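Come and look things up with me, one entry at a time.

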Amino acid sequence: MFDFFKKDKKKETTKQPNSSQVAETLFAPATGEFSSIDQVDDPVFSQKMMGDGYAVEPEAGDVYAPVAGTVMSIFPTKHAIYIKTDDDVEVLVHMGIDTVELDGAPFNVTVAEGDQVSAGTQVATVDLDQLTSAGKGKSIVVVFTNLEDFSSLQLTASGQVTHSAEVGSVTTNS
């Protein structure tokens with residue numbers, strides 16, 4: 001959709017024998033309650049208008065990269081970070097629900113555009129109390145914005161997860 005978009009011990013990329021598919025492991029962006037994207041309390045996400053994915057309702061404000069890759073873009077309002085993997089998977093890490101109008105106040109981004117990140121690298125902190133005071137949702141949403149390039153998205157987590165725990169995989173055509 002947006003299309004403007006390292007090696008790591010945690011990133012597990014496996015080429016299938018006699019195949020051009022690559023499976024990339026996905027990780028939790030925060031510690032909290034895991035859910036599929038269709039459970040997010042925002043129709044833009046829950047109806048997959050931006051792409052498929054998952055979310056975590058965080059217990060703390062630390063946000064971590066769900067994949068290894070390059071930070072391609074940080075929104076001026078600091079509420080979202082785009083990461084592109086070596087396999088060209090475009091990943092949006094969106095912090096909070098309907099948080100654009102907060103103009104960056106509750107967010108502290110700890111990476112810069114062009115940075116290489118590993119899965120599990122801290123990329124931001126969010127003042128969750130400030131989100132609550134503003135009446136905003138706290139979900140950290142991970143969206144894959146170039147779904148047309150995927151063979152499949154497989155989510156394996158449920159319930160409580162810790163940040164950087166494996167939550168599934170995406171299979172891409174390479």
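**Entry 1: Val22.** I found Val22 in strand β2, residues 21-27. Helices (H or I, at least four residues) and strands (E, at least two) are DSSP runs, numbered from the N terminus. I also looked up Ser151: it lies 129 residues from Val22 in sequence, with 9.4 Å between the two C-alpha atoms.

**Entry 2: ground rules.** I noted that this is a predicted model, in which local features need pLDDT of at least 70 and side-chain atom pairs count only at pLDDT 80 or more, while totals for chains, interfaces and linings use all residues. Residues are numbered from 1 along each chain as its sequence is written, and side-chain values use heavy atoms, with hydrogens and water left out.

**Entry 3: the whole protein.** I counted two helices and 15 strands. Of the 174 residues, 51% are buried. The accessible surface is about 7800 Å², and 45% of that belongs to carbon and sulfur atoms; the areas come from the Shrake-Rupley method with a 1.4 Å probe, and for residues only the protein chains shown count as cover.

**Entry 4: the cores.** Which residues touch the most other members of the largest nonpolar core? A nonpolar core is a set of buried Ala, Val, Leu, Ile, Met, Phe, Trp, Tyr and Cys residues joined through side-chain atoms within 4.5 Å. The largest has 35 residues, and those touching the most other members are Val63, Ile81, Met95, Val111, Val123, Phe144 and Val167. I also noted a second, separate core of 11 residues, with Val40, Ala55, Leu92 and Val141 among them.

**Entry 5: Val123.** I picked Val123 from that list and found it in strand β11, residues 122-126. Val123 is buried because its relative accessible area is 1%. Beyond four places in sequence, its contacts (heavy atoms within 4.5 Å) include Val63, Ile81 and Val111. Tyr64 is 59 residues away from Val123 along the chain, yet their C-alpha atoms are separated by 5.3 Å.

**Entry 6: a sheet around β11.** What is the strand order of this open sheet? I read β5-β11-β9, three strands with antiparallel pairing. The edge strands are β5 (62-64) and β9 (107-109), each of which pairs on one side only. From one strand to the next, the twist averages 20° (axes are lines fitted to C-alpha atoms, for helices over the stretch in contact, and angles run from 0 to 180 degrees between N-to-C directions). Two strands pair if DSSP finds at least two bridges between them. Three bridges join β5 to β11, and Tyr64 has Gln122 in β11 as its bridge partner. β9 and β11 also pair over three bridges, with Phe107 opposite Val126.

**Entry 7: Lys136.** Is this lysine, Lys136, buried or exposed? Lys136 counts as buried because its relative accessibility is 12%. I located Lys136 in the loop between α2 (128-133) and β12 (137-144). Its side chain makes a polar contact with the side chain of Glu101 at 2.7 Å, and the Lys136 side chain reaches the backbone oxygen of Asp98 at 3.2 Å. A polar contact is a pair of N or O atoms within 3.5 Å; within protein, one must be able to donate a hydrogen and the other to accept it, and residues adjacent in sequence count only if both atoms are side-chain atoms.

Definitions and conventions
Buried means under 20% relative accessible area, exposed over 50%, partly exposed in between (1.4 Å probe, protein chains only).
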